[in-house]
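Hi there,

Here is the structure I promised to pass on. Have a look at it first, and then read my notes below.

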Amino acid sequence: MNDAASTAGRGNLFSGLPSPTGSEIFQTLFASAACRIERIVSQGHASAPGDWYDQDEEEWVALLSGTAVLMFEGGEPVTLKAGDWLVIPAHRRHRVASTSADAVWLAVHAAAQADS
């Protein structure tokens with residue numbers, strides 16, 4: 001019997017979670033020319049004061065477990081709970097204000113859309 005799953009990559013988003021390290025852990029699950037999918041394990045992480053993410057790519061991010069607070073430059077904090085997702089446009093400066101000890105994210109990065 002030909003089982004397509006036996007030749008494809010597969011896994012479980014919650015298995016093999018790393019031990020707490022004090023910093024976020026980024027693990028690429030899939031990458032192609034069009035997009036990159038990462039599991040991010042935060043475990044109580046917050047960005048260092050004054051550190052901002054400023055990415056060339058658009059990002060769709062979902063919080064799979066735990067809670068988190070993101071800050072966007074010039075904006076109000078955004079509080080997320082498990083199941084919440086949001087889109088972060090390319091070059092929208094943001095930082096992680098706080099996460100719970102059990103925060104696990106799924107992030108999809110894609111090339112920014114050209115302006116029409």
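Predicted model: local features only at pLDDT ≥ 70, side-chain atom pairs only at ≥ 80, totals over all residues.

Let me begin with the core. The largest nonpolar core has 13 residues, and the members that touch the most others are Val61, Leu63, Leu70, Leu80, Leu86 and Trp105. Four strands, β3 (57-65), β4 (67-72), β6 (85-88) and β8 (104-111), each supply at least two residues of this core. The largest share comes from β4, with three residues.

Three strands build an open sheet, ordered β5-β4-β7, with antiparallel pairing. At its edges are β5 (78-81) and β7 (94-99), each of which pairs on one side only. On average, neighbouring strands of this sheet are turned by 25° against each other, direction ignored. Between β4 and β7, the antiparallel pairing runs over five bridges. If you want a place to start looking, Phe72 stands opposite His94 in β7.

Ala103 belongs to the loop between β7 and β8. Is Ala103 buried or exposed? Its relative accessibility is 0%, so Ala103 counts as buried; the cut-off for buried is under 20%. What is Ala103 in contact with, leaving aside its neighbours within four places in sequence? The list consists of Ile40, Val41, Ser42, Gln43, Leu63, Ser65, Gly66 and Thr67. As for Leu63, its C-alpha atom is separated from that of Ala103 by 7.2 Å, although the two residues are 40 residues apart along the chain. Leu63 is also one of the core residues that touch the most other members.

Finally, the aromatic side chains. The structure holds one aromatic pair. Trp60 and Trp85 form this pair, which is tilted, with 5.9 Å centre to centre and 35° between the planes. Because Trp60 lies in strand β3 and Trp85 in strand β6, the pair ties together parts that are 25 residues apart in sequence. With a relative accessibility of 30%, Trp60 counts as partly exposed, whereas Trp85, at 53%, counts as exposed. There is another tryptophan to look at, Trp52: the charged end of Arg95 sits over its ring, 5.9 Å from the ring centre.

Best wishes

Terms used:
Residues numbered from 1 in each chain as written. Heavy atoms only, no water. Core = buried A, V, L, I, M, F, W, Y, C linked by side-chain atoms within 4.5 Å. Buried < 20%, exposed > 50% of the residue type's maximum accessible area, 1.4 Å probe, protein only. Pairing = 2+ DSSP bridges. Axes fitted to C-alpha atoms, helices over the stretch in contact; angles between N-to-C directions. Contact = heavy atoms within 4.5 Å. Phe/Tyr/Trp six-rings, centres within 6.5 Å; stacked < 30°, edge-to-face > 60°. Lys NZ or Arg CZ within 6 Å of the ring centre and 35° of its normal.
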